[in-house]
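Here is a short report on one protein chain.

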Amino acid sequence: WRNMNFSENCLDCSNITSCIWCYESVECKNCYNCYYFYSTIDSKNSSYLYNCKNCDNCFCCTNLDNAAYSIFNISYTEEEYFKKLGTFNKNNFHNI
């Protein structure tokens, strides 16, 4: 844990500011319920993001701005997103 400024309930993070419920995040700001992030700001309910801004419900995306319901930088409807997301076995340690 290094430089976790104004953040709550975050674990194994470094250089984060104003984040809540984040895990394994580095250089992030204003993120909520995010996992495995790097250099991402103003995002929530997402995982495996790199260099993203203002993303909501995104998975395995890079360099996105103002995106929602995206997987591998492809946008889906909310229903399609959760259906496709369910096909990934994210709870298996070896898959992560």
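## Contacts and overall fold

Among contacts with a separation of 6 or more, residues 24 or more positions apart account for 3% in the chain. Contact here means heavy atoms within 4.5 Å.

The model is predicted: local features need pLDDT of at least 70, side-chain atom pairs count only at pLDDT 80 or more, and totals for chains, interfaces and linings use all residues. Residues are numbered from 1 along each chain as its sequence is written, and side-chain values use heavy atoms, with hydrogens and water left out.

Helices (H or I, at least four residues) and strands (E, at least two) are DSSP runs, numbered from the N terminus. The order from the N terminus is β-β-β-β-β-β-β-β-α.

The C-alpha atoms fill a box of roughly 35 × 30 × 20 Å, taken along the principal axes. For 96 residues, a compact globule would have a radius of gyration near 12 Å; the chain has 13 Å, which agrees. That radius is taken over C-alpha atoms, and the globule rule is 2.2 Å times the number of residues to the power 0.38.

## Burial and surface

Of the 96 residues, 31% count as buried. Buried means under 20% relative accessible area, exposed over 50%, and partly exposed in between (1.4 Å probe, protein chains only). The chain exposes about 6100 Å², and carbon and sulfur atoms supply 48% of that area. Accessible areas come from the Shrake-Rupley method with a 1.4 Å probe; for residues, only the protein chains shown count as cover.

I20, W21 and Y32 form a nonpolar surface patch with about 300 Å² of accessible area together. Nonpolar side chains (Val, Leu, Ile, Met, Phe, Trp, Tyr) are joined within 5 Å, like charges within 9 Å.

## Aromatic rings

There are 10 aromatic pairs. In one of them, Y36 and Y48 are stacked, at 4.9 Å centre to centre with 5° between the planes. This pair links distant parts of the chain, 12 residues apart. Rings of Phe, Tyr and Trp (its six-membered ring) pair if their centres lie within 6.5 Å; planes under 30 degrees apart count as stacked, over 60 as edge-to-face and the rest as tilted. Ring pairs link Y23, Y36, Y48, F59, F72 and F88 into a cluster.

| Residue | Strand | Relative accessible area |
|---|---|---|
| I20 | β3 (residues 20-29) | 31% |
| Y36 | β4 (residues 32-38) | 26% |
| Y48 | β5 (residues 44-50) | 23% |

Note on methods:
Patches are made of residues with over 30% relative accessible area and no salt bridge: like charges are joined within 9 Å, nonpolar side chains (Val, Leu, Ile, Met, Phe, Trp, Tyr) within 5 Å. A salt bridge is a side-chain nitrogen of Lys or Arg within 4 Å of a carboxyl oxygen of Asp or Glu.
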